[in-house]
Amino acid sequence: MKREIIIAGFGGQGVLSMGKILAYAGLLQGKEVTWLPAYGPEQRGGTANVTVILSDEPISSPLLQKYDIAVVLNQPSMDKFEPRVKPGGILIYDPAGMTRQPERTDISVYSVAATDTAAALNAMKTFNMIVLGGLLKIDPIVEMDNVMLGLKKSLPERHHKLLPANEAAMKKGAEIIEKIR
């Protein structure tokens, strides 16, 4: 098993955290893991992305040009990373704020309305966990229990009271993700 994943969006959407949680969960399952964040000088509002590789075998390089899975959370990320999904790969996107739909027909495309769902639940801070739940429904590359352990490890202890809400958000993401093609 080897998955090469890019998660991209605006700073403040939890992109880097989502990648870190996925990486921790992979480590807990005994996988080889890389986590490579990239972001602009702005902390919130600028673009951010993270490359995560999970593999049963040693990983030769964390640098990638093509991805098995792209999770895109804004239009600039869609424009940049949709062409870089490998044929037969997966693109997951949040339709909120998108000006166009994905165009490729040689990949599987899924929509997860995480922004609208988080707003309806009055829980915008769980946005990224809704997206992660959708991803894991489509490709269960790590177990939910390990995701929760990874989340617990990445959250400061004072925020551990938020773990149940985040777990509920992941389950909601798994419920609402829709295949487009």
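**Salt bridges, pair by pair**

Author: Because Glu-175 and Lys-172 lie three residues apart in helix H6 (residues 163–176), about one helical turn separates them. Helices (H or I, at least four residues) and strands (E, at least two) are DSSP runs, numbered from the N terminus. The model is a predicted one, in which local features need pLDDT of at least 70 and side-chain atom pairs count only at pLDDT 80 or more, while totals for chains, interfaces and linings use all residues. Residues are numbered from 1 along each chain as its sequence is written, and side-chain values use heavy atoms, with hydrogens and water left out.

Glu-175 and Lys-172 form a salt bridge, with 3.6 Å between the closest N and O atoms. The term denotes a side-chain nitrogen of Lys or Arg within 4 Å of a carboxyl oxygen of Asp or Glu. Side chains of opposite charge can pair when their charged atoms come close. Glu-175 counts as exposed, at 57% relative accessibility, whereas Lys-172 counts as partly exposed, at 30%. Here, buried means under 20% relative accessible area, exposed over 50%, and partly exposed in between (1.4 Å probe, protein chains only).

Salt bridges that share partners also join Lys-2, Glu-4, Asp-68 and Lys-86 into one network. Within this network, the side chains of Asp-68 and Lys-86 meet in a salt bridge of 3.2 Å, N to O. This pair links distant parts of the chain, since Asp-68 belongs to strand E4 (residues 67–72) and Lys-86 to strand E5 (residues 85–93), 18 residues apart. Lys-86 is partly exposed, with a relative accessible area of 26%.

A further salt bridge brings together the side chains of Asp-139 and Arg-3, at 2.5 Å from N to O. This pair, too, links distant parts of the chain: Asp-139 lies in the loop between H4 and H5, Arg-3 lies in strand E1, and 136 residues separate them. Asp-139 is buried, with a relative accessible area of 11%, while Arg-3 is partly exposed, at 23%. In total, the structure holds eleven salt bridges.

Strand E1 (2–10), helix H4 (127–138) and helix H5 (144–154) are among the elements against which the buried residues of H1 pack, where contact means heavy atoms within 4.5 Å. Those buried residues include Val-15, Met-18, Ile-21 and Leu-22.
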